[in-house]
Structure formats: structure tokens, C-alpha cells
Amino acid sequence: MNTHRQKMLFPELSETAGTPKPVNVASIPQRSLFRYPGGKTWFVPTFRKWIAPMCPKPTILVEPFAGGGIISLTALFENLVENVVMVEMDEEIAAVWESIVNGEAEWLSNRILTFDLTRQSVIHELNKTSDTQREVAFKTILKNRTLHGGILAEGSGFIKHGENGKGIRSRWYPGTLAKRLSNLNQVAGKIDFRCSDGLRVMEEFAANKDAVFFIDPPYTAGGKKAGKRLYKYNRLDHERLFTICESLKGEFLMTYDNAEEVKELARAHGFQMRLIPMTNTHHSTMEEVVIGKNLSWMDGFPMADESETRSVRRKKKGTPSIA
Ligand SMILES: C[S@@+](CC[C@H](N)C(=O)[O-])C[C@H]1O[C@@H](n2cnc3c(N)ncnc32)[C@H](O)[C@@H]1O
């Protein structure tokens with residue numbers, strides 16, 4: 001790849017001489033309808049760096065924990081893969097992706113553009129029984145854009161103050177959402193969406209050499225409580241996920257919390273790891289761990305801390321306890 005193209009694709013990384021800096025997410029095209037807790041917009045430049053040089057271009061990208069889907073959508077819009085398989089277990093989120101794939105983007109767009117959003121109208125809408133997939137989809141978008149942090153899991157409350165004191169309306173941008181829906185309609189034919197268990201779908205594609213995998217499982221940071229607050233489905237057999245990763249014929253890239261148990265699993269399964277900085281919703285910088293078979297293309301990024309693992313391993317017996 002020539003240097004100019006490389007700089008355009010990876011501006012943050014190509015200029016970096018020392019420690020990598022967190023990505024400014026405002027520089028990344030936002031394709032998704034969702035504001036997604038744990039969303040991977042900040043990871044887009046690294047994802048591009050991984051997938052863009054692959055030759056031939058991968059036929060299929062499998063995203064087993066799709067959520068807001070920014071990685072799959074980026075891959076499609078930037079022509080980095082032919083097709084994507086997106087998997088999400090949460091039925092409400094799934095209704096949005098299914099509606100788009102089933103040709104309801106225009107209906108959704110009109111529904112958003114004509115909805116007069118007030119606290120009362122949102123409460124009225126959310127209390128209504130939704131019989132059709134597209135109505136569930138609209139409700140999900142409404143919830144995602146009016147609930148604090150975009151969190152759909154039970155117990156979430158409405159945005160109180162929001163941007164410029166606009167309160168409940170502060171994340172409701174009908175025109176922007178309609179434009180995104182119109183763009184999504186253009187790539188809908190390339191999306192194979194499954195409301196299913198991501199682990200099962202990974203197994204289905206495990207022997208396919210033309211499939212690559214981007215894996216962003218539900219979070220473990222802060223223990224089970226943190227995962228529970230963000231997602232309805234947060235329990236995962238992490239050991240099984242790593243075992244499936246070992247069986248994949250195609251390349252995979254996995255992101256996780258920088259948690260000791262995760263690093264133990266990666267090491268036990270013979271994978272490589274690098275730490276990558278990101279800015280969280282409280283504007284503080286933290287690190288996530290990137291896991292893969294061969295991460296030599298990430299050589300500018302620090303290795304995950306070996307010494308810490310060794311001292312913890314001495315204290316521990318048996319298998320790591322994340323479930
Ligand atoms: C860390 S989030 C993914 C965020 C996504 N990468 C993004 O950028 O928006 C993990 C997602 O996995 C979903 N999930 C949890 N368990 C699942 C399973 N067994 N199969 C499929 N999806 C699952 C959760 O509902 C959540 O949306």
C-alpha cells in the first residue's frame with residue numbers, strides 16, 4: 001500500500017512514533033443507528049489496518065456479537081469485504097437489523113421523521129404493545145436514543161440533562177438517522193443477520209477459509225454487575241469462545257477488557273495480545289486487549305503485561321473464573 005493511502009486510512013497510527021494515542025471518534029464515519037455501550041467506533045482505524053491489506057479480499061466477515069455493528073458496517077461501506085454475517089442475541093436490537101435487511105428502512109425512516117418527541121410521547125410509545133418487527137425496531141431506536149447511555153438493559157432511565165440541557169431530545173437527530181437508514185438500505189443485501197448465539201454461528205463458519213471474524217464479546221470489567229447493566233445478554237462461556245477461536249480456519253481479531261482472566265485464557269490458547277488505548281464515556285483513557293493468532297502488524301502497540309500474569313498465576317489454581 002502506498003504511504004499516502006496508508007495515511008488516509010490510518011491517520012492516528014501512521015503518525016505515531018511512540019505510544020499509540022486513543023482515536024478521536026469524531027474522525028470516524030458513523031454508520032450505525034445505535035449509540036452503543038461498549039461500541040467499537042474507536043477501534044475502526046485498527047480494524048482497517050488489520051483487514052485492508054488482506055489479499056484476496058475476504059469474502060465474509062462474521063461478527064458474532066454485533067451490537068451496534070459499526071465494524072461490519074465499516075467493512076461494507078469501505079468495500080473491505082464482500083458480505084457480512086452479523087449475529088446479535090438481544091431481540092430488540094435484532095429487530096432493528098432484521099427490519100433493515102427485510103426492506104423496512106424507508107418505513108423506519110418515515111416513522112422517525114414524523115415522530116414528535118416529548119417525554120410524554122416517548123412514554124406513551126414505549127408502553128404500547130408492538131406486534132410487528134418494524135414497530136419493535138422503532139421502539140428500540142427510540143429507547144436507545146432517549147435512555148441514559150443508550151443502555152437498553154432493564155433498569156435504565158431517561159437522559160436527564162443531555163447535550164445543551166436538551167434533555168430527552170438531546171440524542172434524537174431524525175434527519176441524521178433517516179440519512180443513515182437510506183445508506184444502510186444500499187448495503188442491506190450484503191448483510192446476513194442472525195438473531196442467534198454468536199458462538200454457534202462461529203462454529204458454523206469455523207471451517208470456512210474465506211471467512212474472517214471480528215469478535216467483541218460482552219464485557220467482564222467490574223465483574224458480572226458491569227456486564228449486566230449494559231446488556232440483557234451478558235453471560236458467556238469465555239473458555240468455549242477461546243476454544244472455538246482455536247478451531248477457526250480464517251483469521252480472527254478479538255477485543256476484550258484488559259482483565260487478568262482474559263489474558264490467562266489467551267495465553268493458555270496460544271494467542272498473541274497487544275494493549276490498545278481508548279477513551280471511555282467518562283473521558284478517561286483506559287486500555288483494552290486485542291487478541292489474535294498473529295499480531296505482528298500491531299508491533300507499535302505494547303504487549304500485554306507478562307510479569308503481572310506470572311505473579312497472579314502463582315497465586316491461582318485451576319481455570320479462570322469468568323462466566
Ligand atoms: C461488547 S457488545 C458488542 C458491541 C459492538 N462491537 C459494537 O460496536 O456496537 C457485545 C454484544 O453481544 C451481545 N451478546 C451477548 N451474548 C451473546 C451471544 N451469545 N450471541 C450473540 N450476541 C450476544 C450483547 O447483547 C451485546 O450487544
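Student: Which hand does the crossing of helix 6 and helix 8 have?

Tutor: In this predicted model, helix 6 and helix 8 cross in a right-handed way. The residues that make this contact are Trp 107, Leu 108, Arg 111 and Ile 112 on the helix 6 side, and Arg 134, Ala 137, Phe 138 and Ile 141 on the helix 8 side. Sorted by class, the contact of helix 6 with helix 8 holds six nonpolar residues, no polar ones and two charged ones.

Student: And at what angle do the axes of those two cross?

Tutor: Helix 6, which covers residues 105–114, and helix 8, which covers residues 133–146, have axes that come within 10 Å and cross at roughly 45°. That angle is why helix 6 is called oblique to helix 8.

Student: OK, what about helix 7 and helix 8, how do they pack?

Tutor: Helix 7, made of residues 119–127, packs with helix 8 at an angle of about 140°, and their axes are 10 Å apart. Helix 7 therefore counts as oblique to helix 8, and the crossing of this pair is left-handed.

Student: Which residues make that contact?

Tutor: From helix 7 they are Val 122, Glu 125 and Leu 126, and from helix 8 they are Lys 139, Leu 142, Lys 143 and Thr 146. By class, the contact of helix 7 with helix 8 has three nonpolar residues, one polar residue and three charged residues.

Student: Then helix 10 and helix 12: are they roughly parallel or roughly perpendicular?

Tutor: Helix 10 (residues 198–205) and helix 12 (residues 238–247) pack at about 15° with axes 10 Å apart, and they are therefore roughly parallel to each other. Helix 10 passes helix 12 in a left-handed crossing. Where they meet, helix 10 brings Leu 199, Met 202 and Glu 203, while helix 12 brings Arg 240, Leu 241 and Ile 244. The contact of helix 10 with helix 12 has four nonpolar residues, no polar ones and two charged ones.

Student: Changing topic, why is helix 4 described as largely enclosed?

Tutor: Helix 4 spans residues 70–77, and seven of its eight residues are buried, so helix 4 is largely enclosed by the rest of the structure. The buried ones are Ile 70, Ile 71, Ser 72, Leu 73, Thr 74, Ala 75 and Leu 76.

Student: What do they pack against?

Tutor: The buried residues of helix 4 pack against helix 3, strand 1 (60–63), strand 2 (83–87), helix 9 (174–187) and strand 4 (211–215). After helix 4 comes Asn 79, which has a positive phi, near 60°.

Student: And Ala 26, buried or exposed?

Tutor: Ala 26 counts as exposed because there are 7 C-beta neighbours inside 10 Å. Ala 26 sits in the loop between helix 2 (11–14) and helix 3 (44–51), and Thr 41 is 15 residues from Ala 26 in sequence, with 9.3 Å between their C-alpha atoms.

Student: Which residues come nearest to the ligand?

Tutor: There are 22 residues around the ligand, and those that come nearest are Lys 40, Phe 65, Gly 67, Gly 68 and Gly 198. The shell around the ligand divides into twelve nonpolar, five polar and five charged residues.

Student: Last one, how many helices and strands are in the chain?

Tutor: The chain has 14 helices and seven strands, and of its 323 residues 35% are buried.

Key
Residues numbered from 1 in each chain as written. Predicted model: local features only at pLDDT ≥ 70, side-chain atom pairs only at ≥ 80, totals over all residues. Near = placed C-beta within 6 Å. Nonpolar A, V, L, I, M, F, W, Y, C, P; charged D, E, K, R; others polar. Axes fitted to C-alpha atoms, helices over the stretch in contact; angles between N-to-C directions. Helix = DSSP H or I, 4+ residues; strand = E, 2+ residues; numbered from the N terminus. Parallel < 35°, antiparallel > 145°, perpendicular 65-115°, else oblique. Left-handed = near helix turned anticlockwise from the far one by under 90°. Contact = placed C-beta atoms within 7 Å. Buried ≥ 20, exposed ≤ 12 C-beta atoms within 10 Å, placed from the backbone.
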